[in-house]
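Thanks for coming. I have one structure to go through today, and I will keep to a few points. Please look at the sequence and the model while I talk.

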Amino acid sequence: HIDGYPRRLAIPDPPEIGTMATPSEVVSRAEFEALAKLVAQQEANYNESLDTIWMLVATSLVFMMHSGFSLLEAGSVRFKNTQNILAKNLLVVTLGFLCWYTVGWGFALGQQDDPNRFIGGDGFFMG
């Protein structure tokens with residue numbers, strides 16, 4: 001025990017030179033391949049989760065950027081034009097979302113027959 005905490009990991013003593021591992025300590029090739037496949041699958045799931053989190057963070061930053069830019073523009077014009085500027089910025093965000101919904105997602109993430117194509121050709125209207 002160190003500082004009152006129980007020891008959680010017991011590190012075995014190194015084997016003596018010239019000793020062999022017992023058969024119960026050896027992992028078979030099939031077990032090793034199964035474990036390697038499981039680790040690769042978990043790593044793919046982890047990477048996909050990180051990609052999704054990053055996309056959500058980036059999306060929220062873009063929406064905050066739009067609201068900040070709206071406030072900047074509203075502060076740069078006379079009081080009588082503030083409502084028009086804010087309506088214009090709301091229209092820009094709405095049209096941007098609709099364009100992404102109709103064609104943007106298909107271009108960016110749509111499936112394609114030829115992997116060398118520059119943009120996707122499937123999944124328009126996010127379908």
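In which helix does Thr 82 lie? Thr 82 lies in helix α2. Before going on, note that this is a predicted model.

Let me place that helix first. The chain has two helices and zero strands. The helices are α1, covering 29–76, and α2, covering 82–109.

Back to Thr 82. Is Thr 82 buried or exposed? Its relative accessible area is 18%, and the cut-off for buried is under 20%, so Thr 82 counts as buried. As for its surroundings, the side chain of Thr 82 reaches the backbone oxygen of Phe 79 at 3.2 Å. Leaving aside residues up to four places away in sequence, Thr 82 touches Ala 74 and Val 77.

Now the chain as a whole. It has 127 residues, and 9% of them count as buried. The accessible surface comes to about 11,700 Å², with 66% of that belonging to carbon and sulfur atoms. On contacts: take the pairs of residues at least 6 apart in sequence, and 11% of those contacts join residues at least 24 apart.

Next, the largest pocket. How much space lies in it? The figure is about 420 Å³. Its lining is made of 14 residues, and Thr 59, Phe 63, Gly 96, Phe 97 and Trp 100 lie nearest the centre. Both α1 and α2 supply at least two residues of that lining. Which element gives the largest share? That is α2, with seven residues. By residue type, the lining divides into 11 nonpolar and three polar residues, with no charged ones.

The last stop is Met 126, in the segment after α2. With a relative accessible area of 43%, Met 126 falls between the 20% and 50% cut-offs and is therefore partly exposed. Which residues does Met 126 touch, again not counting those up to four places away in sequence? They are Tyr 101 and Trp 105. There is also a distance to mention here: Met 126 and Leu 109 are 17 residues apart in sequence, and their C-alpha atoms are 9.4 Å apart in space.

To recap the two residues: Thr 82 is buried, whereas Met 126 is partly exposed. For the largest pocket, the item to keep is a lining with no charged residues. That is what I had.

Methods. Residues are numbered from 1 along each chain as its sequence is written. This is a predicted model: local features need pLDDT of at least 70, side-chain atom pairs count only at pLDDT 80 or more; totals for chains, interfaces and linings use all residues. Side-chain values use heavy atoms; hydrogens and water are left out. On a 1 Å grid over the protein atoms alone, a cavity is a set of points where a 1.4 Å probe fits but cannot get out, and a pocket is an open set with protein on both sides within 12 Å along at least five of seven lines; lining residues have an atom within 4 Å of a point. Grid points are joined across faces, edges and corners, and a volume is the space filled by probe spheres set on the points. Helices (H or I, at least four residues) and strands (E, at least two) are DSSP runs, numbered from the N terminus. Ala, Val, Leu, Ile, Met, Phe, Trp, Tyr, Cys and Pro count as nonpolar, Asp, Glu, Lys and Arg as charged, and the others, Gly among them, as polar. Buried means under 20% relative accessible area, exposed over 50%, partly exposed in between (1.4 Å probe, protein chains only). A polar contact is a pair of N or O atoms within 3.5 Å; within protein, one must be able to donate a hydrogen and the other to accept it, and residues adjacent in sequence count only if both atoms are side-chain atoms. Contact means heavy atoms within 4.5 Å. Accessible areas come from the Shrake-Rupley method with a 1.4 Å probe; for residues, only the protein chains shown count as cover.
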